[in-house]
Each structure stands twice: as C-alpha cells, then as structure tokens.
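Here is a friendly walk through one structure, for someone meeting it for the first time. Have a look at it, and then we'll go through it piece by piece.

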Amino acid sequence: MPTISINRDLLFNALGKSYSEEEFDELCFKFGIELDEVTSDKLIILKEQGTERSVGASEEIIYKIDIPANRYDLLCLEGLVQGLQVFLGETEFPPFKLIPSQKVPQRLIVKSSTSSIRPYAVAAVLRNICFDQHTFNSFIDLQDKLHQNLCRKRSLVAIGTHDLDTVQGPFYYEALPPDSIKFQPLNQTKEFTASQLMDLYATDSHLRHYLPIIKDSPVYPVIKDSNGVVLSMPPIINGEHSKITLNTKNVFIECTATDLTKASIVLDTLVCMFSRYCQDQFTVEICEIETPQGGIKNYPILKTRQEKIDVNKINKMVGINEEADKVADLLTRMCLTATVAENGCLSVTIPPTRHDIIHACDVYEDVAIAFGYNNIEKTLPSTNTIASQFPLNKLTDQLREQLAQAGFTEALTFSLCSKEDISDKLRKPLSSIPAVHVSNPKTLEFQVARSTLLPGLLKTIAANRKLPLPLKFFEVSDVVLKDNQRDVGARNCRKLCIVYYNKSPGFELVHGLLDRLMQLLEIPLDPTGTTGYSLKSCDDATFFPGRCAHVVFEGVTVGVLGVLHPEVVTSFDLNLPCSALELNVEPFL
Amino acid sequence: MAIAHGEKLLKYLEENGKANSLKLSELWNEDHQKIVGTVKSLLCLGDVIEAELHSTVKWDLTEEGKQVAAHGSHEAQIYNAIPPSGSTQPEIMAQASIPNASFTKDMAKVGFSKAMSLGWIAVDKSSGAPKFIQKVSSIQDVVQEHLKDLATGKNTLTNELRTEVVKSYEMKPGSSFSTSVTKQETDLTPEMIASGSWKTKEFKAYNLNALGTPVPRGHLHPLMKVRAEFRQIFLEMGFTEMPTNNYVESSFWNFDALFQPQQHPARDAHDTFFLADPATASDIPTDYMERVKNVHSHGGYGSQGYGYDWKVEEAQKNLLRTHTTAVSARMLYALAQGGFKPAKYFSIDRVFRNETLDATHLAEFHQIEGVIADYGLTLGNLIGVLYEFFRKLGIEKLRFKPAYNPYTEPSMEIFSYHPGLKKWVEIGNSGIFRPEMLLPMGLPEDVSVLAWGLSLERPTMIKYGYDNIRDLVGPKVNMQMVADNPLCRLDKHRGTEIKEPEYLQELDIRMDSIMTRLRGIENEVNKLKKQGKGSQEKLTLVIEADPNYPPLSVQTLIRILMASRNVPVSVTIHQHSSLKKACSTDLMQWAKSTTSNLNRIDNLFNLTWIWKSIGPRPAAKVVNHCNGDICGEAAVARLLARLLESWTDCAFYENYDLNTTAEIDDWLDMWESCIQSGDPTFVVLANRINNRLNSSDGRKWLIGSFPGTKSLADVFLSTLLGHKLNSDRAKEWLSRCNSF
C-alpha cells in the first residue's frame, strides 16, 4: 500500500477547511484511506539521524497517508484534495479535455530497435502550465510515487518530463548500443556514455535499483529530439538539457514501457492531476505516436467511459435499498458522475482518473463507500449448511489430545528449515530426501520445507535444556514431500513425532506410547505384520545401530522409532540420550 | 543428638515449668543454635511443648569499638600522646605509624579534631613551629567507659555499635506434654496397615500451607488451543473445514485464479517463496486456464480486464502458498464443477511470506479464513456474519474501512476497538470475491461469495499478552510457557490480556449517560419543534428561580433570545409567597425593558419568571407540555439554547455535530459537578477555562479546534464565571461573549 506525505497546512489550505487530527482521521477512514502518521521533517530526521541533524529542519506538520494500491488518482495532493472535495460534495469533478496542437502536433517516432528491450512509448504535452514551488514538488513526487507503484519500480513504465521549449520535435525513441549513447544526464556537469553512466550510478542509492532493468541488454533505450539532443535514457535518467524548472511553460511528457496499458494509465494520471495548472484548465495537448509498423496513434487516450449500471443490482449487492437518484448522488461523490437513466439504470461516467474501475462490482463498492460501510444494515445470510470437519484434522486433534494426556507437551515448530537440518544433522544425504526446495530463501532457515518433524523437536529440546528432566515433547503436523502424482509435484504428509530426552534413552517409554496409540486406534499388535502393527528392526542412519525399528502397519512401513544416534544428539547441541518416534498419521484415517 | 537434648529439655521444663533457649544454652554451655534445633524438632511432635519466638536486639562492639574499649577513645589517645612539654603534629603522627601502635593515622586525625573541640588540647604557636599542648590537666574518657560497659553487657547506647538480632525461644509445656519423646510417623505404610500398628502411632501433621508436588503432565500448545477455539466457532456457525494440507501451490491457484495480475507486487520474489524443486506445476485445467487468461488479458464477464500479456509460464511457477485463499479457489472451482450448491467453508492453516521478519512477523503464520457462497449475498450479509463471528470472540465493537484487494470488491478492513490500547486496531480483511474470479470457474452469475481472513497469531498474542511472536511459535519457545498457559476462552477477558483502565470505563459510562441524555433532549426538542409549528411556534415558558441564586446564564440567554427575534415577546416577573424578603427592583425588572406586548395570545414567546425560594437549582416548565420540570441552571440553559437554534437556525449548541455538542455538554457538566461536589468557588473550572483560552493555538472560543466556535458553553460560562477570570485572553473572550 503506497504512503504519501502531504504538508498538512497545504492540504487544509487546498481543502479550504481545517480539521482536527481526529476529524481528518475519521474522514480518511470513511473515504478508505488511512492517516498513518503525523510527523514533520524535523521529527523524521530526529528519529533517523539524531538530534543534531534535526536542528533547523522544518517543523511543519506532515501527514503520512496510506492510499489503496489501485487508487493512482490519490497519489498526490492535487488528486487527494479533488477526491475528498468531491466526496464531501464541495466541488464537482472536472471534465478533462483533449485539444489538438495549434501548430504541428508533437510526434514521437518509435523505432523497431526498441522491441527487444522496451517496446512501447506514449506522450502528451501540458501547455502554458504555471508551477509554483509546491506544485512543482508535487509533480516530481507524483512521478516518483507512480514509478514505485504502478510502474513497478520503473520496470513496466518509466516517465520522463521535459521542457518542450528546449527541444525540437519530432522525437525519436530507439534502442542503441550503450557506447553510442552519450549525453549530459540530469544534475551532472559533463557528458557520459551510457556504459559510463552504469558505473556512475552503480553506487547511487536511488538509481542503482533501476540499472538491472537494462544493464545486460546489448542496446539501451533512448529518446532524442530532431537535433539529436538526448531527452532521456529510460528507465534510468533524463538529460540535463531538457530538464523542467519552475519556469517551464510547456511540458513534454513521455512514458516508455513494457506494458502499454500501464503506460497509458500513467500518462492519463499524470496529465489529469496537473492539467489544472494549465492556462486552459484541465486540457491536454495530443501527441502523435508513430509505431515501428508505421501506424499513428494519438495520446493521451484520456478516455471517459460510460457504463449502464442497474440500481437494483447495486442495492442487492450492497444490501441497501436506495432510490436511483440517491445512488447517483453517492456515485457522483466518488468522482463517478452518474445520472438516472431509463429502466432503473444509472448512466455512470468513469473518468480517465479512475482506471481502477474495471467492472460493475467496482462501481458497487464505490456506492457502498459513499453510503458508508458502517451505515449498512447488518443482516445474516439465510444460507443453510451442515458443517463437517476435515477428517485428517479431526483425527489429528484427537491424537494430540491423547499425547498430551500421556504426559507429552506440544511443540509448534516451523515448516521451513535449512537443508542441513533434514540431512547432515540427521546423518542422511540430502539427495536421499524427497524434500521441496525454496528457490529464493533470504536465510538458511528457509532453504527447504521440512520432510520430518524431528529437527524442529530437537531444536525445541535444545532451547529448553534448563527445564527439569525428562523432556517429553510432541508435534502432529504436516511435512512436505515431493510427489509427481500431484499437479504441483509435491504433497503434505501428516506426521506425528514424539521425543523423550533424559539420562537414560527411554526407548521402552516411546515404544509404550506407540502401543497406547495403536490401542486407541483399535489396531492390534500382529508380529506377522500383515493385519495389525508390528515393529521390525531396521537400519536408519539417524538412529543408534541396533536401537531402531520400523513401525509396520498392514505390511507397509508407516514410521520409525529408536534411540537417536549420538552424532545426531550432538549435532543439535544436546548431550543426553534421546528416543524418538515418527509416524505417518494418514494410513490410520 | 537432638532427641537426647530434647529429653533433657523436657525434663528441665517439667521441673521449672518454663525455659528460655538462650538461658539453656548458657546453662548447659551448649551452642544456642543446637538448642534451637532441639526446640524445632520438639515442635514437630505436636503439642508436647509450646514455644514462642522472641527476638532480642543485642549490642556488640565492632573492631574499632573494641580498640577504643581497650586503649581509650581516639581523642584520649591523642591527649595521652602529648607530653607535658607539647609536641608537633608530625611527631604525634609518627607514633601512629609505629607497628602495633594502638591507634592508626586515620584515628589520629579524628582524635586531633575531637580533642580540640572537646578543649582537651590546644595549639601553641609561641615558640615558632606550632605545637600541640595539653590544655587540661586530666580528662574523663566517657566513650571508653561506655564501650567497656557494653562489652560486659550493660546497655548504654552510642554509635560505636553494631546490632545483632538474637532469636530465642520461650518455652512452656504443651497440652500433650510428656518427658519421653515418641518419634512421629511421616506417613502410612503398607506394613502399618498389615500389622495394625497405625492404631498406636502418631502421625506428623501435613503442612497445608506449602504447595503440592507438581503433577507430571502434558500440555497442548497455546496457539493450537486458540486454533481449536476458532475451529469450534466456525463449526458452531455451520462452516465445513477445507482440506488445506497442501503448502505447495502453483501460482495459478494462488494468484491467477484469484484475478491477481501477473505483475502484482505480491508475486515478486521479495514477497513470495518460489520453489526450485519442484519448480513448476502441471495439470492446470485447460479450459479454465484459458478463461482465466482471457479475463486477465482482455476482460469479459463485464470486465475490462487488466490488458496485459498473460503468460502460462508465470502461472505454472510453484510456490509456498501465500494465503489459504488458494485452497478456497480450488474449493469454489470444484463447487462449480459439481453443480453449485450453497456452501460455507473455513480453514485455519499455515501460509508463507518471504517478508522482512520482525517481532510480530514470521515467514510462516496461520491464516484463518471463512467463505460463504450462495445466491444473492450482500455486503450487509458479510457485515452481519462478521459481527456474529467476532461476537463469539468477545469482540462487540467493529467498524469497517474501505480497502483494496485484487480479488475482492467490495473490500473491507475489519477494525475492532481495543480498550487496552485505546484505539481501533485492524483485526482482519474481508470482501466479496470479484466476478472475474468466480465466473471463469463456472459459478452461476447470481452467486456471490463472501470471504474474510485474519491471522491466528495476532489475536493469540493479544489474548495472552505476547509482544514477540518467537515467544509463541517456533523451536525457541520456552516450553514452561506452554505448561503454564491457561485455558483458551476467547470470550472471557482475564489474566495477562491488556486491560481497560478503570478511568476509561468510567469515561465510557459517563459518555453513555451523556448520550442517553442527549437522545432524551433530542426527543424533547423534536416535540417542542412540532408543538411550535402546530401552534404558530407559540411557546409559554415558566421559569422559577431563587433570588439568592439568580441564574445569570438563563437571564443572559433570555436576553439573547428576545434580541434575536423581532416578534412579540412577553416577560412577566412575579415573586412567590415563599420568599422571606421582597425582591429588589433590579430583580423585578431585569427583563422589563424588552417586554413588548402583554397580550399573551398574540405573542410567540411568553415567559413567566417567578422568584421563589427554591435554592440554587432553577426550574423551567413548558406550559401545555406534560413533561416534568427541567431542573438546574445548565438544563434550563440547554433548553433555551435549543429554542434559540430552532428560531434563528444558527449553530449554538445542537446544530453543531455530535462531537461538538458533546464537548459543550462536557463544559456544562463540569459546571454542574462543581455545584454538586461542593466546589462553589469553581477554582478548578476557572483554571480550566483559563488554560483552554491560553492554549497555544490562540483560540477564540472554548469549543472546537482553532479558532474555536462560539457556543452555549461560552455564553454560559462567561456569564457565570467571567468575574473569576483575569488573564488577558480570558478578558478578550469575555468581551467577545458579551457582544454575542
């Protein structure tokens, strides 16, 4: 969920009203955003860098507000204020207008060389815009917020904004070998080649994260004007030459992308938020995009969609009973201007700022929000069903109850562990274990899904050595095993594991508990091993030779018990004998 | 040994009738501790002897004290060290340095100053180098005498002592006294039962004040106990448990089936554990996958879709499921294939997130999920079910916040009020599954699916007061904690749980009573308004007040009322026969000047004011209105404020929002409680008003945030307490109030 930082006084000034913190919090809650933190530059610096650095920092109050991930239209002060004011019924949602260029339209020519790296580009022009310091900052901040969220850290879309009066169209978007790109990047005093820039920015705390997007490509994307001036090298950096300033009057916006839909959304959002500062408010000048195939498409799309929505369906879905005109009012407050149409329908206008509305259900939700979630009458569904437990869980719970009654205490350990936990430490080669391997573990603790419950219980003993002996622990839980019979190639297996740790091994105790479990499950002891259960001596590297047996149930091995091998004991930092039983629960279902 | 001594002691007791352990120790020349041991062992025999413990404080000399007792006090030694001819300080100090000297340098320093101040010695500077000489011919060393006394047992107090507490027993024969000691049996044995010897034996009494021996026992894990409770709740509500025993899931079921786009940040390796082996899934139902692909890339089912290039490779990537909703998706798909029937499902099982770990976040946790699928379900249904669900957990106060989730629309975050933390905390997420998720599965179009989820760990941590999740889950858990953990009763609030401070409860009660009153008042006003309209807003009011306690605020409000209204108003003022003394002209005419028309029928507002001996609480009555009197200055003021609002449509009291009205009420209540609690000086209240007005925001009025809002509270309190306020701000405020 993105968080935006807004200067409180600027916000209240723009809203035309002051709120107490509680009042504003309440308003946010109703609107579906969250006042996350109230702070100031000074407090932030104080917290992060200490008292000394904070001296002289601004003490103006900053509101940090959490915005739902799909509401790109609320990511800047302009959008937030517009959203809230419309929500409060204080203003109407503005109509956005596309206007043709008064002379030759700006054109961005996309070359086919970009197809291998970043194939799409769109563009627009904001004419006669008037920035002040705050709106300028907001313009930059919004690009950053979009880059971080919708643009997926510039991998899907990268935005470049330029002072149109410093460059000369038409513009060319192409992909060139790094060494043939040379320009003076933003905030640098000399020219660099693209390869040099990669080195330059390798240590840049901000830009280095974007380098991998193109670094290994044989060609890098670049936008130039008709004189060969580099506007930008997306998605890394713009050129110094066309940099926008407070005095910029005409802004050329280009978005390059690997996802055309998102590029268009980003462009729409940017121009909708800032066209209010144009001399001709809420107008955007069209640009032509020439595709490698030679076709021409106009951008921004800035499409306003009309949807017919059945009021009945809205009422039914939300669980309210409102007249059509009331529902239309509610929607209008959510920036979805609606009018009552024929046949109990509403005609709902979905503006280019609301790309999150992709289905009627999104409209239903906005009705519910405007109505107030907490004003909806609570009712119980009439759904009549008979409940049942998942049989394996039911048996598990019954067995757990019995194990606790037998004096063992339940541990709860992690399903993920290190490779070593299930192999070396248990004296078994990893290759012999059908374990599921994680491809991106952040630490050793998350390398594999456990294939046995034993390591977790032994770690639990290690952490509890100070408790009086004997230590008697159990766990009944799932392990994960590879299984090519399943669609995903793996399955869970419900295991029961008990450990007994004392000055003497206590094999007979663990054995006795197994007998007790079999008694509870009504399974007779049958030394022939065909009908009931039996123990068969076996070799298992985890256990002490000659002190280990398989549990055989109806001819199939379902578990193992024995005295742990001393090397296993010591590899878990233990020093006393330990007996264990691990049993597959599923055959007893 | 003890027993031998015991018999000796018992004999002594028989002969002497009583004994003291200290004295016996002297008498028998035996270590006192041994005697005490004997007494204790005799005490175990039952009522053979009675013994009472005495503590006596004994004085004993420290090493320094012993020295003083032997050689004299430091000052005396210095005195004695000075020869008649006198001596220099270094000379005397040199004596202190001699091995085995009776005093040390430190002592000598003390001795010099002490001897000087006692006037025993003096400094003689007549012959060049300063010399110490004896000033008096003889001295009496009291300190030494006292210490000598103490050493021999005489008790004369000084500071040179260390105290020693000596415990001794004062004994006398008990109720079953005998001089022969029989050893008591500790417990019944099989032999005693066989031989019948238990009949003649005496048995040692049990110490019932000690704790019993811990019972060897096993325990269930706290988190699993909470899980059992949640499971029970779902089962009570008719939900069927889903088979969630598949941690490994494909991206398809975990994300794509839920209409979560392939570029969604949750699908980043930063957030999800992907698998190296087995890396991919097969056997995704082909038709269904095609429908999912279409709805993602092109839309359909009334949706615009996400408009991107959906890739099957992305869907095939295996992962550790990030939510149990992946299982819900499989269940709903299966439900659609078998011919839809309404269903209620739940699960509580592990999910995995490759997130940053901290005190409350682990890479794996348990998710609780509930799902209801039926025709025509509404958001109101979801809210209703959630209230019932959380009510079973003992949570009654809920509220819902709009939220975003890729697979539910509408989506609601569930908040509950946490009385301990004094704030609303998020406790779960909920919503209605998107049609883009349900329709490709083949579910009928008019079927809705409600769902909600929460973590198991969080409520457990809150329930049992854990602040680090590693104390609850994982191999590092202290198993003693598991043993000591109480029953899980989620609807009961006890024990370690963060409790609601009492004052908060009080505040709650107070708020409730204010709200009840507000509602009552609202009804009154509505009635009044209706009545007013029905009879051309005519209103006749009788106010009774005591001339000894003139209700200044009521008078002010009546003046404001009359001034605000260009309509005929009549005020008549009477005095009641209960008054001992006639009212002054001022009192009788305070509102005369604005009286306009005495013909009551034409007037919209007729006020009859009666001075009466009724004490400090004035009373108002609306004529032709059967409700009882409105008593007390604040209550009458409220009534008039409401009248003012209904006539002028200004915001003054209840025309503000509920919070502001409550704030106004609060000020009036403070004034009332001053009256009732006998703080007639209103010092506290006056201070509060001063503080409020002096607050740094530079407010102009008492109520609301800067700059505040003028209200009944301002008029009321400025009239009544204005003369008690003296700050500049307060004066400005008063003049502002006066010009109302």
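A:Arg107 forms a salt bridge with A:Glu288, and their closest N and O atoms are 2.9 Å apart. (A salt bridge here is a side-chain nitrogen of Lys or Arg within 4 Å of a carboxyl oxygen of Asp or Glu.) This pair ties together distant parts of the chain: A:Arg107 sits in strand 5 (residues 106–110) of chain A and A:Glu288 in strand 15 (residues 283–290) of chain A, 181 residues apart. Helices (H or I, at least four residues) and strands (E, at least two) are DSSP runs, numbered from the N terminus. Searching the whole structure turns up 50 salt bridges over all chains.

A word on what you're looking at: this is a predicted model, where local features need pLDDT of at least 70 and side-chain atom pairs count only at pLDDT 80 or more, while totals for chains, interfaces and linings use all residues. Residues are numbered from 1 along each chain as its sequence is written, chains are lettered from A and ligands numbered from 1 in the order in which they are written, and side-chain values use heavy atoms, with hydrogens and water left out.

**Where the chains meet**

How many residues does each chain bring to the contact? Chain B gives 105 residues and chain A gives 94 residues, with contact meaning heavy atoms within 4.5 Å. About 8200 Å² is buried between chain B and chain A, and carbon and sulfur atoms give 56% of that. Buried area is the accessible area (1.4 Å probe) that two parts lose on being put together, summed over both. On the chain B side, B:Pro402, B:Pro475 and B:Met479 lose the most area to chain A, together 9% of what that side buries. Nine salt bridges are counted between chain B and chain A. B:Arg434 also makes a salt bridge with A:Asp362, with the closest N and O atoms 2.7 Å apart.

**Helices side by side**

Now for some helix pairs. Two packed helices are described by the angle between their axes and the distance between the axes. Axes are lines fitted to C-alpha atoms, for helices over the stretch in contact, and angles run from 0 to 180 degrees between N-to-C directions.

| Helix pair | Angle | Axis distance |
|---|---|---|
| Helix 6 (residues 133–148) and helix 8 (residues 260–274) of chain A | about 160 degrees | 11 Å |
| Helix 24 (residues 683–694) and helix 26 (residues 728–738) of chain B | about 90 degrees | 8 Å |
| Helix 22 (residues 633–648) and helix 23 (residues 658–676) of chain B | about 155 degrees | 9 Å |

Angles under 35 degrees count as roughly parallel, over 145 as roughly antiparallel, 65 to 115 as roughly perpendicular and the rest as oblique. For residue classes, Ala, Val, Leu, Ile, Met, Phe, Trp, Tyr, Cys and Pro count as nonpolar, Asp, Glu, Lys and Arg as charged, and the others, Gly among them, as polar.

Take the chain A pair: with an angle of about 160 degrees, helix 6 of chain A is roughly antiparallel to helix 8 of chain A. Residues of helix 6 of chain A, including A:Phe139 and A:Leu142, meet residues of helix 8 of chain A, among them A:Leu270 and A:Met273. This contact has seven nonpolar, four polar and no charged residues.

In chain B, helix 22 and helix 23 are roughly antiparallel to each other. B:Glu633, B:Ala634 and B:Arg638 in helix 22 of chain B meet residues of helix 23 of chain B, including B:Asp665 and B:Trp671.

**A few backbone details**

The peptide bond from A:Pro234 to A:Pro235 is cis, with omega near 0 degrees, and A:Pro235 is in the loop between strand 12 (230–233) and strand 13 (237–238) of chain A. A:Leu469 and A:Pro470 are joined by a cis peptide bond too, with omega about -10 degrees.
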